[in-house]
Amino acid sequence: MPNDLVTVFGASGFVGRHIVRALTAQGFRVRAVCRKPNLANYLLPAGHVGQIQLLKANINNEEDVARALEGAVAAVNAAGVLFGHGLQSLEAINADASGRIARAALKADVGTLVHVSAIGADTQAISEYARTKGLGERAVHEGFPRAVIMRPSLVFGPEDAFFNRFAAMARFLPALPLIGGGKTKFQPVFVGDVAAAVARAVSDPAMAGRTYQLGGPKTYTFRALLEFILAETGRKRLLMPLPFWLAGLQGFFLQMPSFILPIKPMLTVDQVRLLKSDNIVQDGAFTLDDLDIEPTSVEKIVPTYLWRFHPKGQFRDVQRLAAH
Ligand SMILES: NC(=O)c1ccc[n+]([C@@H]2O[C@H](COP(=O)([O-])OP(=O)(O)OC[C@H]3O[C@@H](n4cnc5c(N)ncnc54)[C@H](OP(=O)(O)O)[C@@H]3O)[C@@H](O)[C@H]2O)c1
């Protein structure tokens, strides 16, 4: 119902900020939870004055979580980590904190909980990320059985990690790594479609207890995605096949500095393991189609933000037009 309060954990993140926008567009008030609200003021223009409240809370802390849920009619958990260490381990954030939020939501009598997981979440997975996402889903089911679980494939949008990262790498590297030969399949999904699905779940009781797999209109191999990025950014780069074992070794050395310095590694051993499985929607799953959301294509959105990586930047199209 308009003006009702929804708590969003992970609101400052890539997916979270679009969920905040989708919720305010529906008229909800949003309590945007993050650890450093002083750095999250960019969220405020996503709503009217006073519609979004920033709250400092750490999801590792039981009291913080309970306080964040006070008076909320619904909650969304879009917090997560892809690379973890120390108190921010994959187990602590993706698994334990997900269960903590679910139990606290039930205790606080929150009507709906939407949990953002990931395609491939599996308690038996070889990748620690996929395994902890699976454990998180299990904890959410146990803590809040009516929760809606959203499992996106690779998510794209202006602030994404995948397209922006490889486009940035292509600026200075002579070759891009085709990990495992580049055969892994993805079904990239637009962040706006993920946010729309989450916002719908907040207000549609018919979705309670279901798991949705969110993918875009097309599947691509890892190689096809890199070729698309190179074409869009006007770069000619070698795509160098890298067997999984060699990529794993590279990940081992690249992740090392991140254990002592607060930086995100370019590649980790676990990300290489994750690439061993396809990341696509399974047959028979609930999808965006069941929500009447027409998935948006990579080709429509990604060029609107990858132009920054083109040698001619925003003048790329001026040159193209002049040539005709
Ligand atoms: N991006 C993708 O392609 C993709 C694909 C499939 C699934 N997912 C899932 O979608 C969710 C969001 O991903 P994302 O790409 O938006 O990640 P992101 O940009 O890294 O955002 C992660 C969010 O989690 C919050 N967070 C982490 N540790 C926290 C803690 N201890 N206490 C409170 N908040 C904490 C961060 O808040 P701070 O500002 O406080 O750090 C941030 O808002 C994750 O569950 C991820 O597994 C993402």
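Thr24 lies in helix α1. The model is predicted. At 7% relative accessibility, Thr24 falls under the 20% limit and therefore counts as buried. Beyond its neighbours within four places in sequence, Thr24 is in contact with Val30, Ala46, Gly47, Gln51 and Ile52.

Helix α1 spans residues 14-25 and also takes part in the ligand site. Together with α4 (128-143), α1 makes up the elements that give two or more residues to the shell around the ligand. That shell holds 25 residues, of which Ser12, Arg35, Asn58, Tyr129 and Lys133 come nearest. By class, 14 residues of the shell are nonpolar, nine are polar and two are charged.

A polar atom in the side chain of Arg35 is 2.6 Å from a ligand oxygen. For Tyr129, an N or O atom of the side chain lies 2.6 Å from an oxygen atom of the ligand. Phe14 takes part through its backbone, with an N or O atom 2.9 Å from a ligand oxygen. The ligand on its own has 890 Å² of accessible area, and the protein covers 82% of this.

The largest nonpolar core comprises 72 residues. Val8, Ile19, Leu23, Val76, Met150 and Phe163 touch the most other members. Helix α6 (residues 191-203) gives the most to this core, contributing eight residues.

The surroundings of Met150 can be listed in detail. Residues up to four places away in sequence are not counted here. Met150 touches Val114, His115, Val116, Ser117 and Ala118, among others. Its contacts also include Ala197, Val198 and Ala201, as well as Met207, Tyr212 and Leu214.

Ile126 is exposed, because its relative accessible area of 56% is over 50%. Ile301 counts as buried, because its 15% relative accessibility is under 20%. Ile126 lies in the loop between β5 (112-116) and α4. Apart from residues up to four places away in sequence, Ile126 touches Asp270, Arg273 and Lys276. Ile126 and Phe144 are 18 residues apart in sequence, and their C-alpha atoms are 27 Å apart in space.

Ile301 is placed in helix α10 (residues 298-301). With neighbours within four places in sequence left aside, Ile301 is in contact with Phe156, Phe190 and Thr296. Gly50 is 251 residues from Ile301 along the chain, and 30 Å separates the two C-alpha atoms.

Backbone geometry was examined next. Most residues other than glycine have a negative phi. Asp109 has a positive phi, near 60 degrees, and is not a glycine. Asp109 is found in the loop between α3 (90-107) and β5. At 66% relative accessibility, Asp109 is over the 50% limit and so counts as exposed.

Asp292 also has a positive phi, of about 55 degrees, although it is not a glycine. The place of Asp292 is in the loop between α9 (269-274) and α10. Its relative accessible area is 70%, so Asp292 is exposed.

Technical notes. Residues numbered from 1 in each chain as written. Predicted model: local features only at pLDDT ≥ 70, side-chain atom pairs only at ≥ 80, totals over all residues. Heavy atoms only, no water. Near = heavy atom within 4 Å. Polar contact = N/O pair within 3.5 Å; in protein donor to acceptor, adjacent residues only side chain to side chain. Areas by Shrake-Rupley, 256 points an atom, 1.4 Å probe, with all protein chains shown as cover. Helix = DSSP H or I, 4+ residues; strand = E, 2+ residues; numbered from the N terminus. Nonpolar A, V, L, I, M, F, W, Y, C, P; charged D, E, K, R; others polar. Core = buried A, V, L, I, M, F, W, Y, C linked by side-chain atoms within 4.5 Å. Buried < 20%, exposed > 50% of the residue type's maximum accessible area, 1.4 Å probe, protein only. Contact = heavy atoms within 4.5 Å.
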